Amino acid sequence: MQSSATRAPRGSRMPETSTYYHIAYTIALSIYTLYAVSLWMRRKKLRQP
Amino acid sequence: MKISWLPIAAGVAVVGTIIRAAFFTPLEAKQGAAQKIFYLHVPAAWVAFLAFFLVAVASGVYLWLRDQRLDRFAESSAEVGVVFTTVVLITGPLWAKPIWGTFWAWWDVRLVSTLFLWFIYVAYLVLRGAVDSPDLRARYSAVLGILGALLIPFIHLSVYLFSTMHPMPIVGKPSKPSLPGEMLMTLMISLFSFTLLYFAFLRSRYAYAVERDARTARLENA
């Protein structure tokens, strides 16, 4: 893989890779959200008599 | 009801980072949109390394002082570190597929050693659930927590030591970062936001461990 990044010029043709980008963001944010919910649920369960 | 500012600040920072990465950061010329996975993948890897490094530090000091607070801290940081490593292991292959043409390569030392790191800290959490005695549990897991963190410098240096598909560092290197200014700024904001998220998770997980231990003590004394 390249060891540098370059800004794409305006209007230039680029590879269509947005599907992977959308899937990665959706999965990562879902994992963080589910973990936050799991922490909240575990603490809530502990407080039940 | 007491409102905690840290989770709110972390949530706002992460949402702001995603908006900046999606709408206000230019596309990379050769990779297109997939390069934006960089702003999730690299901060998740940084936070995972930080989390496991802190597990090792807390575990080492625990073995010296035998303070339960350090064991709880190590346990909490290990769990949060596993969450961030899971994100690294999912976002990495999703970035690799369009750029390298494959999701995974077993000969790539950085990929495989990161997977081993994940296994070690999953084993750490399983071990904690399998030992009933609190003192033994803390001692065994402290040793595993320290040994697991020894992989971190190896993973970091693997791109220099072995043939790998991963690129050489483009930011964390002695010379100037090979990244346009807007991309570098988004990366810095992302590193800050996800580090804040780590501390928010860590504080909440630590508070859970304190409440759980207090409840166990109450039940034992009843």
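**Helix α3 of chain B and its surroundings**

In this predicted model, α3(B) is followed by B:G101, whose phi is positive, near 85°. Helices are DSSP runs of H or I with at least four residues, numbered from the N terminus. Local features need pLDDT of at least 70, side-chain atom pairs count only at pLDDT 80 or more, and totals for chains, interfaces and linings use all residues. Residues are numbered from 1 along each chain as its sequence is written, and chains are lettered from A in the order in which they are written.

Helix α3 of chain B covers residues 68-100, 33 residues in total. From first C-alpha to last it reaches 46 Å, close to the 48 Å expected at 1.5 Å a residue (1.5 Å times one less than the number of residues). Because 25 of its 33 residues are buried, α3(B) is largely enclosed by the rest of the structure; buried means that 20 or more other C-beta atoms, placed from the backbone, lie within 10 Å of the residue's own.

Beyond its neighbours within four places in sequence, B:A48 is in contact with B:G81, B:F84, B:T85 and B:V88, contact meaning C-beta atoms, placed from the backbone, within 7 Å.

Between the chains, 42 residues of chain B are in contact with 28 residues of chain A. On the side of chain B that touches chain A, α3(B) gives the largest share, 11 residues.

How values were computed
Helix = DSSP H or I, 4+ residues; strand = E, 2+ residues; numbered from the N terminus. Buried ≥ 20, exposed ≤ 12 C-beta atoms within 10 Å, placed from the backbone. Contact = placed C-beta atoms within 7 Å.
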